[in-house]
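I opened the file today to look up a few side chains and strand pairings. My notes follow in the order I took them.

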Amino acid sequence: TEFRERTRLGAAMALLLVLGLLAALLAHRRYVESAALRQHLERLRLLGHLRLLLESTAEGIYGIDLDGRCTFINAAAARLIGYTPEQVLGRDMHALIHHLRSDGEPYPVEECPIYRAFRSPEGIRREDEVFWRADGQPFPVEYSSFPILEDGKLRGAVVTFSDISARRRLEEQLRHSQKMDA
């Protein structure tokens with residue numbers, strides 16, 4: 001009887017120990033899950049903040065991967081080139097907006113300064129070229145293209161650009177005015 005009593009007591013203690021371990025494991029799991037959830041929510045908050053920054057500028061901003069395909073584009077860039085973001089994502093940006101020079105001659109991708117950013121850590125800036133809108137009309141742009149590096153490895157490029165049509169018109173008016181005064 002004493003042996004049975006000790007066995008029951010030992011079994012009860014073992015059961016309590018197992019239940020305590022299970023409770024601790026469940027509490028730890030909930031903590032890990034809540035920490036993971038907090039991290040996930042923080043990432044979402046940061047992504048939302050980055051999206052807000054991208055959408056709060058008048059300059060066009062887009063990213064391309066190593067194949068020249070659009071990986072992201074802000075609303076200003078899509079509006080300036082006459083597309084919706086959905087129409088642009090995944091497409092070859094050179095073929096879409098930079099395939100011709102201002103004189104209408106083909107612009108080989110190998111000669112494209114935007115793609116030189118893949119090979120130059122300092123990137124490039126230009127203000128003497130055109131992009132082409134969805135309706136087939138060119139517009140003068142000022143742009144910069146800089147490499148996107150992740151852990152030291154090249155992933156693509158980010159391009160920012162502005163339509164400088166108004167500036168070009170003013171420059172032409174100024175030149176015309178100076179000719180008239182001379």
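This is a predicted model: local features need pLDDT of at least 70, side-chain atom pairs count only at pLDDT 80 or more; totals for chains, interfaces and linings use all residues.

**Entry: Asp-65 and Arg-69.** I looked up Asp-65 first. Its relative accessibility is 16%, under the 20% limit, so Asp-65 counts as buried. Its side chain meets that of Arg-69 in a salt bridge, at 2.9 Å from N to O. I then checked Arg-69: with a relative accessible area of 37%, Arg-69 is partly exposed.

**Entry: other salt bridges.** I found 13 salt bridges in the structure. I looked at Glu-129, which forms one with Arg-126; the closest N and O atoms are 3.4 Å apart. Glu-129 is buried at 8% relative accessible area, whereas Arg-126 is partly exposed at 25%. I also found Asp-65, Asp-67 and Arg-69 joined into one network by salt bridges that share partners.

**Entry: helix H1.** This helix covers residues 2–55. Within H1 I picked out Glu-42 and Arg-45, which sit three residues apart, about one turn of the helix. Their side chains meet in a salt bridge of 2.8 Å, N to O. Glu-42 is partly exposed, with a relative accessible area of 34%.

I then turned to Leu-22, also located in H1. Its relative accessible area is 46%, so Leu-22 is partly exposed. Leu-22 belongs to a nonpolar surface patch of about 590 Å².

**Entry: His-94.** Is His-94 buried or exposed? I read 7% relative accessibility, so His-94 counts as buried. This residue is placed in helix H4, residues 93–97. I listed its contacts, leaving aside neighbours within four places in sequence: His-99, Tyr-107, Pro-108, Val-109, Cys-112 and Tyr-115.

**Entry: strand E5.** I traced the partners of E5, residues 153–163. Strand E1 (residues 60–65) runs antiparallel to E5, and six bridges join the two. On this side, Tyr-62 has Val-159 as its bridge partner. Strand E4 (residues 138–150) is also antiparallel to E5, with ten bridges between them. Here Ile-148 is the bridge partner of Gly-156.

Last, I checked the hairpin of E4 and E5. Two residues lie between the strands, and Asp-151 takes a positive phi near 55° in this hairpin.

Key. Residues are numbered from 1 along each chain as its sequence is written. Side-chain values use heavy atoms; hydrogens and water are left out. Helices (H or I, at least four residues) and strands (E, at least two) are DSSP runs, numbered from the N terminus. Buried means under 20% relative accessible area, exposed over 50%, partly exposed in between (1.4 Å probe, protein chains only). Contact means heavy atoms within 4.5 Å. Two strands pair if DSSP finds at least two bridges between them. Patches are made of residues with over 30% relative accessible area and no salt bridge: like charges are joined within 9 Å, nonpolar side chains (Val, Leu, Ile, Met, Phe, Trp, Tyr) within 5 Å. Accessible areas come from the Shrake-Rupley method with a 1.4 Å probe; for residues, only the protein chains shown count as cover. A salt bridge is a side-chain nitrogen of Lys or Arg within 4 Å of a carboxyl oxygen of Asp or Glu.
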